[in-house]
Amino acid sequence: MFAGGTDVGRDAFLEAAREAREERAAEKRKDAAATVIQAVIRGWLARCRLAAKIRDEFDALLGKEPPEQTPSLPPAAEVFPVAYKLISLYTSGKDDKRFEIYTRYLLASMDCEQVKLSYVSCAMNKDLTLKWIKHMKDTLNVACQTTENLQPEIASEARLLSLYLHLLLTFTATNTWKAIKNKAFDPIRPSLNKLTENIMGDLVARGLYKTINQVLVRGLCRGKVSLRGTAVSALITLALRPLVAAQYSGKLLSIITIHLLSVPALLHHLGILANESLQILLSHELFRHVVEFVSSEQNLRIIFNTLEGPYALCLLANLIHLAYHERETSLPGLAFPTFNSVVTCLLEKCGEYVTTKQSSLTQWHPVLGWFSRPLDQHLNDALPLVKAQLQLLWSGPIIRIMFGSLWQLCKEEDTHPNPDSTVSFNASNHTSLLWKAIDRRLSVGNVGGGLSIKSGHYKLGGPQITTVALVCTMYHTAITTLTQLKMDILTDLCYKSNLVPHLWRVLLNLGTNCGLKSFLDLLAVSTKATAPEFRLLMLFCDATTHLVTVLDDLEMYEQQKPFTLADYGSMTNFLNIFVYKMVHNNLVDVRNVSGSALFTSVHTLLMLLYKRNARRNYVKDNHWLIKEVRVSSFMADLDRGKKSAQILLQKVPHIIPHEERVHLFRRHVSNEKAVLGLTDAACATLHAAQSTLITIHRARLVEDGYRQLASLSPQALKGVIRVRFVNEQGLDEAGIDQDGVFKEFLEETLKRVFDPSLNLFRLTSEERLYPSPTSSMTENHLHLFEFTGRMLGKAVYEGIVVDCPFASFFLSQVLGEQQSVLYSSIDELPSLDPDLYKSLTYIKHYDGDIADLDLTFSYDEDYLGQLVSHELRPGGKAVSVTNDNRIIYIHLMAHFKLHTQIKDQTRAFIRGFRSIINPEWLLLFSVPEFQRLISGDNIDVDLRDLRKHTQYYGGFHDKHRVVCWLWDILEKDFKEDERRLFLKFVTSCSKPPLLGFTHLEPPFSIRCVEVGDDEDTGDTVGSVIRGFFAIRKRDPVHRLPTSSTCFNLLKLPNYQRKSTLRDKLRYAITSNTGFELS
């Protein structure tokens, strides 16, 4: 066949054969596929015809539309086969109306007393029982799914919701089945009950509680509640039936806790919409069952891991609300340790998702702050109600129950001074987390030396203190977790109970200095301060801080409530030493002391009380010193850069004497001068061109100084400033040091800018300076404030004391204290306006209706003859002051007077002052100490120290007759007020330098003058000899002593009589003569 052919022909033949085979195979596959498709289509069409037939049968039997009135019922035996088929092919959307019709039929049949018409009759037929049970499970499951997708805010769907809930209620209990009411059915009633329990079990397995949760959340957690009370009652009944039937099994308790009690504000809505359901919850003791179940560590972990973080908070809120309802029944028995442990653990679990700052992974939570879990809209709408539920935890009744052991402890102390008895625990659930902790702590005995040291009436680690400490742990955990409710918690703890004074009594009874040694020993063991006893201490400190912050002087110093001044003394002594020991003994991480919650709480209260004492003393000045601190060793540690010493100086500088802190301040200045090349040695070698020379006309002192110095950089201003004064004739004034009278210029400049007539500053009723609210009338007033701040900063920088008494509220702002969260404007108000402070205190304590005083949130003042009204808050003129908002009014008024009115002036002054003085240096001082740094010490003039550091010129010497008379007159004839006048006469400041006259710059000196000031040419040989030997031509009885304050120089004539010197000197210092340039 292929003879003579080629291989190509053969290959073509083979290829054609292969293609033919493939074509035949493809045809066979097409035929097979067509057969399958035809079979599927025929099957589908058959099913469609069958489904249509079933639906037609159903429609023919029960109708196509829901009947407007109860129809005549067909026998159940006729309906069941048709309904069974319909439910088996039920399709959502297509069969919704049929299901509604069927549901109405079922409810009508179950409401019928005739057995044949009642749908339950099918269940009694042995041949149909199993089939009926399966059918009803499927039917109720359809009802659940349909219910979950309904929107109750739509009226038609709300009716359907009620309908399907009615169906679910009907077939999960037999009490509404009228057909079996007859006693003849009593024998089978238990079987029927078992049947309904079987159905309920299937519903639970298919997600009944999820449905209940979804319906409740969507219907209740919205701006306007869309669920009716009957629907809510039905849902609660549905939720409780499986739980009761299962006799409160752990599985059902877990499910109901997760899906029902996590519904936001559920208990609140029950109280309003379905109070009978709330009573059912209480009658079934749901609170006791759930709390005891959740107190197991494993159960709690499962529940919390299942719930999202925000809904765990809702669970906590509902448990607290239940506890509040049970406050007179089961709560007292469950409060400790069961309920206490559950609340503490739930708070700690929620706290795991609380962060301190915003990030892309966090959202703002109105209760928790920045939260690392998402929030849905339903939760946001319900949070105000959830917050109200949480607040019940620190309501008066709950506090009294939770701290029952504390009240009992104090009661026993009052009746039995030696309380050796223990407080019994309610050990209803020994699997409780904190119960295990109690057992463990009580069994360790003396481990660590501090856990059960007897120190006074009670001991740390003993059962009495442990009980109180664990309850304190719960409330302190609430403070740290519910960050946005911290102030609410502290306020109620302070004012809705006597908790704080009672905790103080416990601390006092821990032994010497509030059990200081026991706390330190315990801290050495529990280095992270996680022991409950530290939570007790932290809660006391936080609450006391909150309490003291709002106490006015009347309450704290006069009424002495809730603490006496002696209590504050004991309290600060304990806190002061405790803070010192924590840092010094390295009981806290000195690299991050602010990261220690214990240190922060204790230190915050300590500094609050210290600053309160600085404003008005309640302890002696040396009370704050730590006796064991050796200043020389402490300074050596600072020089070596020891971290603990640096932290102590930063956090509690008052533990070392004030004089040493002034030395440190001067050292800071000296070190900076060395860095900038401004030391005395460097300045002595400076060429004149490297210093700043300014020319000042005495008639334009402030203007010339501002014009030439305001533009200087801070570094230049810290350097040498040479001043040349020009007199009224336009000539340079002659002087002892024509290039260095900066002190004179500085003193005179500050004297003029602080003069109230310039209207930059005003005087309080106590003659204290503060910025004038009306300074804007002066041109460039803010620039002048900044210039004034720089000049005062230069004086402090150079150690020049100036007699400028400032109002303490203004100095506190210069120190930056107003930025502290504990700063209280009302506390500072007396230093500005004592009368206003008294008026506001009167309003605070007013017993009647504040509205009768006709006050609003506004302030009227006379400004240049016009009445100007300032609103303390937006729209304040229209907001009346009431008993509820008067505290806000008081603080807003104080804030307006102290800050708002002068905020621009203060800000400019501080900007200028801090350009010269590093604000960190000022942290060494309190407000009174800062005033002393500016104006010198408040002590009596030390004449011996002054004489020791006096220099003499013109022939005078320490043993000179006139000099001896001078010191004798100052010591014996002059009173202290006159000595201060003398000091002001020669130095321009009536107060001694902080560190004594050895630091007076320049040193105090006395010059003997023989001629008038206009003829004085200084120390000539003749004047020195005549002065030294007291040789004079005549007694200068007509001359007065004079001074040059810029050089701290007293120019004293060589008087011949002591009485003449006394009289002339007294006249000079009281007449303000002698303030002149030599």
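Modeller: In this predicted model, a residue is called buried under 20% relative accessible area, exposed over 50%, and partly exposed in between.

Colleague: Why is Trp 44 called partly exposed?

Modeller: Trp 44 has a relative accessibility of 46%.

Colleague: What makes Glu 100 and Arg 104 a salt bridge?

Modeller: Their closest N and O atoms are 3.1 Å apart, and the rule asks for a side-chain nitrogen of Lys or Arg within 4 Å of a carboxyl oxygen of Asp or Glu. The pair therefore counts as a salt bridge. Both residues lie in helix α3, four residues apart, about one turn of the helix.

Colleague: Is Glu 100 buried or exposed, and how do you know?

Modeller: Glu 100 has 14% relative accessibility and therefore counts as buried, the cut-off being under 20%. Arg 104, with a relative accessible area of 33%, is partly exposed.

Colleague: What does the salt bridge between Arg 947 and Asp 958 tie together?

Modeller: The side chains of Arg 947 and Asp 958 meet at 3.0 Å, N to O. Arg 947 lies in helix α43 and Asp 958 in the loop between β10 and α44, so the pair ties together parts that are eleven residues apart in sequence.

Colleague: How do you know that the buried residues of helix α29 are on the same side?

Modeller: The buried residues are Phe 634, Met 635, Asp 637 and Leu 638. They cover an arc of only 155° around the axis, which puts them on the same side of α29. On the other side, Ser 632 and Asp 639 are exposed.

Notes:
Residues are numbered from 1 along each chain as its sequence is written. This is a predicted model: local features need pLDDT of at least 70, side-chain atom pairs count only at pLDDT 80 or more; totals for chains, interfaces and linings use all residues. Side-chain values use heavy atoms; hydrogens and water are left out. Buried means under 20% relative accessible area, exposed over 50%, partly exposed in between (1.4 Å probe, protein chains only). Helices (H or I, at least four residues) and strands (E, at least two) are DSSP runs, numbered from the N terminus. The arc is that of the directions from the helix axis to the C-beta atoms.
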